[in-house]
Amino acid sequence: MTALTTTDLTPPRAVDDGAAGGGPTPGRRRFRLRLPDRLRQGGLPYLLLLPALLFELLIHLVPMVVGVVMSFKELTQFYLRDWTQAPWTALSNYEVAVDFDAPIGAALLDSFAVTCLFTVVAVSLSWLLGTTAAILMQETFRGRGLLRALFLTPYALPIYAAVITWAFILQRDNGMLNHVIHDQLGLTSDPTFWLIGDNSFVSLVLVAVWRNWPFAFLILMAAMQNIPQEQYEAAQLDGAGVWQQIRRITLPSVRPVNQVLVLVLFLWTFNDFNVPYLLFGRAAPESANLISLHIYQSSFGTWNFGFGSAMSVLLLLFLLLVTAGYLLFTSRGRKGEHV
Amino acid sequence: MSETLAAKRPHRSPTAPPRSFVWTRRIVLTLLSLFAATPIYVMLSSSLKPLEDVTGKFRWIPSELTIRPYIDIWDTIPLAKYFWNSVIVAGAATVLSVTVAIFAAYAVSRYNFRGKRVFTISVLSTQMFPGILFLLPLFLIFANIGDATGIPLSGSRGGLILTYLTFSLPFSIWMLVGYFDSIPRGLDEAARVDGCGPLGALFRVVVPAAVPGIVAVSVYAFMTAWGEVLFASVMTNSETRTLAVGLQGYSTQTEVYWNQVMAASLVVSVPVVAGFLLLQRFLVTGLTAGSVK
């Protein structure tokens, strides 16, 4: 492809225009060329965006609005055929949800607390493992490509195939994990229950971290490839060792990427439905009852979609609040650093 | 020759890293490899075991190797049907999503227009919303559309395709904008000069130059649709069930055929894992291109 610049060549269309218009001056010709382009530019970008906008409207925006409307209605199974006919209940769905003394509100609060704890632990561990691996694999060494493929495989697997395998591993009687820690190492006097009771929280974290750390690894690896080599060379001339280079160059350089990465990991983990749903089936133990699964189960268990929507809206508000606060906090920190 | 040179010159430092670093690297990476690989080994080895091996105590080494599970999986549940449903749904969602994303990304990359920032931010922000928020209303909306127009969206592949294509759309647009931005504008200006319209420039110049990015986005869109569970669990029926829901069928039998479960898991994983690993480099470049912006 030849590199052409607009100054080298008069556009053919302009020549045609010029011929039709009867030999205008070069200055006028440029003006006439720009006009139709401008008109086109006015509508064309919107036309190009239209399909994307339509789909987003249909699948995301409209349902969101409908969901908010539903949350103010007494939308029980009797009204599912025609949800618009369901009676308005004002805030009563919300009142039930936040009445933490009653069993329904208390269950929601429990699920919320479990989800918060799960998110903090799983995101920290995923980020830590991803960062460690990305730093250690920055330099080339024999087998690096193979190792990278291995590390990424848990993330590439379809989530259901991965979690079903973990369910097999975590069985009490015949699972691999108990075989190792009970039969082979003799660490426990009885085989542990991993999929019921309080230990299910550990199982949940284990599977979520196994699944998500490769994503952190992938993103950070990409970010670290962009750090200019000269920075390291300059640091070496100053006598900085490997550990100092990591602390002074690598970690600060990937800070902007970390800002987005941690947010994305937070949102995914907090909204995680797949891991608990596939690991425990429809009845998740209390200690692993993440909020998405909780809303799902109570909505499809009772067919009270109004209440389910109210809980979803509360969840969304919480996420918006945290995200806004997080972005405000992290960008202020970064701004201060640059000054 | 050039390979050996590259191998001898490490990426970060011309001097060899200290022993402490090398040993830390060896130990940590070995542990991480074990963590990543153990479940994969369990999946692979168990899929080649006879049923006695998986219903009794766990064994690291199969008592005998058999490919029987790989034959039986197709009869225990209608796996072929689920597989076909997944192929149709994920394939159609990918093609549609990538096409729509190409148009949108071209507009964002090449034009300045009112509402550009609002568009990019609002589209990206749909990624943060919990799926459960859309699920209940969408379930009802699809049912209502079905009642009103006779178009069966609920329980059909069409409804699922429509839903999945929007799941990958925001990220696809974002990645493609990064890709398109890295293609010199001079190229499409030259094409315009040669008499192409804006769409001609898009399809004759920009799209061919962005093939790696488009492939990476396609893999991402396919993986998203292939692995989705939440919407598949309520929006499919026994005819349109995808693998995400269908695979749980092995566990509802009176006896769980774990060797078959593992074999089926492996079979449904191969297409996406192979695609992902082959294209991870493109994906990394695409991610970086998008994030540089």
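The model is a predicted one. B:I173 also belongs to the largest nonpolar core, a set of 173 residues. Among the members with the most contacts inside this core, B:I173 is joined by B:A101, B:A104, B:A105 and B:L176 from chain B, and by A:V163 and A:L279 from chain A.

The meeting of the two chains can be described residue by residue. In chain A, 87 residues are in contact with 82 residues of chain B. Helix α2 of chain A (residues 26–71) supplies the largest share of the chain A side, with 18 residues. By type, that side of chain A comprises 60 nonpolar, 25 polar and two charged residues.

Chain B itself is built with 14 helices and zero strands. Of its 293 residues, 47% count as buried. When contacts in chain B between residues at least 6 apart in sequence are considered, 75% link residues at least 24 apart.

The buried residues of α13(A) are A:I291, A:S292, A:L293, A:H294, A:I295, A:Y296 and A:S299. Just after this helix, A:W303 adopts a positive phi of about 60°.

Methods:
Residues numbered from 1 in each chain as written. Chains lettered and ligands numbered in written order. Predicted model: local features only at pLDDT ≥ 70, side-chain atom pairs only at ≥ 80, totals over all residues. Buried ≥ 20, exposed ≤ 12 C-beta atoms within 10 Å, placed from the backbone. Helix = DSSP H or I, 4+ residues; strand = E, 2+ residues; numbered from the N terminus. Core = buried A, V, L, I, M, F, W, Y, C linked by C-beta atoms within 7 Å. Contact = placed C-beta atoms within 7 Å. Nonpolar A, V, L, I, M, F, W, Y, C, P; charged D, E, K, R; others polar.
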